[in-house]
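Please read this note with the model open beside it.

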Amino acid sequence: MVCGMKHILTVSALLCVSPLLAAASLRFAKPTATRDGPSLIASRFAENHRSPRADVAIETSSSIFIFPVVGSLAGGNNTYYRSETTLINNRFSSQRVEMFYFAQGIANCTRPSRLVTLAANSWTAYDDILQQVFDETGIGSLIVQAVDSNGTYDPNGDIDGTSRIWTPSPFSGGSLSQTFGAASFDQSNGVMPLSAYGLRDGGGFHTNMGVLNYANQPRTFTAVINGINGQNSFDFNVDSCSFEQFRIPDGNYDIFQLQVTAHDGLGQWYGYGSSVDEVTANNWSSVLR
C-alpha cells in the first residue's frame, strides 16, 4: 500500500511506511545527532508552571501542524542550509508521529510518509530532519500529525514543534538562521486571498516566497505586490501535493504587502514571504494570513 495525502485529508486511512521513492543521492555527510531532551517535568517549563506550547510556537494545533519550509541543500558562497527541528510530545504517554514531506517541484501525493515515536512528556531534536528522517536533500514543506497505535489520525495527540533553517555564515565564524514555528493546519486556509506584510525588495534587499499546495490537484495562483515605491502582479503554478519557493520579480518596491489568491478558491494551501538583506544575509519571514 502506498501512503499519500489521504491520511491527512480523510484521517481514516491506515498508516503504512515504505521505502522512499527515488531518494536523492546525498552529496554531504549525514549528521549523526538525534538528541532526546529531558522530560518536560524536569524542565524549566514545569518549574515555572507554563505550557511548553506557549513558549515554542504560535498558531499550532494540538495534533497536526505544518512546518512551512524545511531543507538540506547547498546555497551560494559555500553555505549549506539544513533544518534543525524539535518535536514535542506533551502527553504523559508515548506518541507516534507521522510526517509527510512535500518536495519542491514535483507531485508528492503518493510519496510514503515517515513514522517516529516520541517519548512521553518530552522532546526530540533533529540536527537535519530532512536527511535523518527522509534520507533526502532538497527543500520542501512538512506536515506533522499524531497517529494512534493503528496508524490513524489521533485527535487526542498533543504535539508541537519548532524548526530553524540555518547555515554557517560565509562572512564570519558564526551562523545565519531563520526560525519557522509550527503553523496550524486548516483545510479552509486560503479560500480567501491571503496577505503577508513587512517584506522588502530593492535597495539591497530581495524577497523569496514559498507556497505549499497540499490539495490533490495542481493549482494556479496570482500574487500581487503592493509596495511603497511600486506595484506588480504575476501568476505562478504549484503541482499537486507540492511546494514551490522562488524569488519574486525584482523591483524597487521598498516595504510591501504580498497578497496571494488561489484561482479555484479551494483552500488547502499555505504560504509565506522571506526577505533577505543582500549585504549581511540577515533575513526575516512573514506568513500569508
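**Notes on the predicted model**

1. The model is a predicted one. Its largest pocket has a volume of about 650 Å³. The lining of this pocket consists of 28 residues. Those nearest the pocket's centre are Tyr-81, Asn-208, Gln-245, Val-276 and Asn-283.

2. Which strands each supply at least two residues of that lining? They are strand E2 (64-74), strand E9 (175-181), strand E12 (205-213), strand E15 (242-247) and strand E17 (269-277). By type, the lining residues of the largest pocket are 14 nonpolar, twelve polar and two charged.

3. Phe-243 is part of strand E15, one of the strands named above for the pocket lining. Is Phe-243 buried or exposed? Its relative accessible area is 0%, so Phe-243 is buried; the cut-off for buried is under 20%. Along the chain, Phe-243 and Leu-212 are 31 residues apart, while their C-alpha atoms are separated by 4.4 Å.

4. Gln-257 sits in strand E16, which covers residues 254-262. Gln-257 counts as buried because its relative accessibility is 17%, and buried means under 20%. The side chain of Gln-257 has a polar contact of 3.0 Å with the side chain of Ser-195. With neighbours within four places in sequence left aside, the residues in contact with Gln-257 are Ser-195, Ala-196, Tyr-197, Val-224, Ile-225 and Asn-226.

5. Tyr-253 is found in the loop between E15 and E16. Although it is in a loop, Tyr-253 is buried, because its relative accessible area is 4%. Its side chain and that of Asn-232 form a polar contact of 3.1 Å. The C-alpha atoms of Tyr-253 and Asn-232 are separated by 8.8 Å, and the two residues are 21 apart along the chain. Apart from neighbours within four places in sequence, Tyr-253 has contacts with Asp-201, Ile-225, Gly-227, Ile-228, Asn-229, Gly-230, Gln-231, Asn-232 and Ile-248. Ile-225 is in this list and also among the contacts of Gln-257.

6. The next points concern charged pairs. Side chains of opposite charge can pair when their charged atoms come close. How many salt bridges does a search of the whole structure find? The search finds seven. One of them joins the side chains of Arg-91 and Asp-154, at 2.9 Å from N to O. Arg-91 is in the loop between strand E3 (80-89) and strand E4 (95-103), and Asp-154 is in the loop between strand E7 (138-147) and strand E8 (159-168), so this pair ties together parts 63 residues apart in sequence. The two partners can be told apart by accessibility: Arg-91 is partly exposed at 24%, whereas Asp-154 is buried at 8%.

7. Another salt bridge is formed by the side chains of Arg-200 and Asp-254, at 3.4 Å from N to O. Arg-200 belongs to strand E11 (residues 194-201) and Asp-254 to strand E16, and this pair links distant parts of the chain, 54 residues apart. The relative accessible area of Arg-200 is 29%, which means that Arg-200 is partly exposed.

8. A salt bridge also joins Glu-278 and Arg-247, whose closest N and O atoms are 3.5 Å apart. Why does this pair tie together separate parts of the sequence? Glu-278 lies in the loop between E17 and strand E18 (283-287) while Arg-247 lies in strand E15, so the parts tied together are 31 residues apart in sequence. Glu-278 is partly exposed, with a relative accessible area of 41%. Arg-247 is also partly exposed, at 41% relative accessibility. A network of salt bridges links Arg-247, Asp-250 and Glu-278.

9. Some totals for the protein close the note. It has four helices and 18 strands. Of its 289 residues, 51% are buried; Phe-243, Tyr-253 and Gln-257 are among the buried residues described above. Among contacts with a separation of 6 or more, 77% are between residues 24 or more positions apart.

Methods
Residues numbered from 1 in each chain as written. Predicted model: local features only at pLDDT ≥ 70, side-chain atom pairs only at ≥ 80, totals over all residues. Heavy atoms only, no water. 1 Å grid on protein atoms, 1.4 Å probe; cavity = no way out; pocket = protein on both sides within 12 Å on 5 of 7 lines; lining within 4 Å. Points joined across faces, edges and corners; volume = space filled by probe spheres on them. Nonpolar A, V, L, I, M, F, W, Y, C, P; charged D, E, K, R; others polar. Buried < 20%, exposed > 50% of the residue type's maximum accessible area, 1.4 Å probe, protein only. Polar contact = N/O pair within 3.5 Å; in protein donor to acceptor, adjacent residues only side chain to side chain. Contact = heavy atoms within 4.5 Å. Salt bridge = Lys/Arg side-chain N within 4 Å of Asp/Glu carboxyl O.
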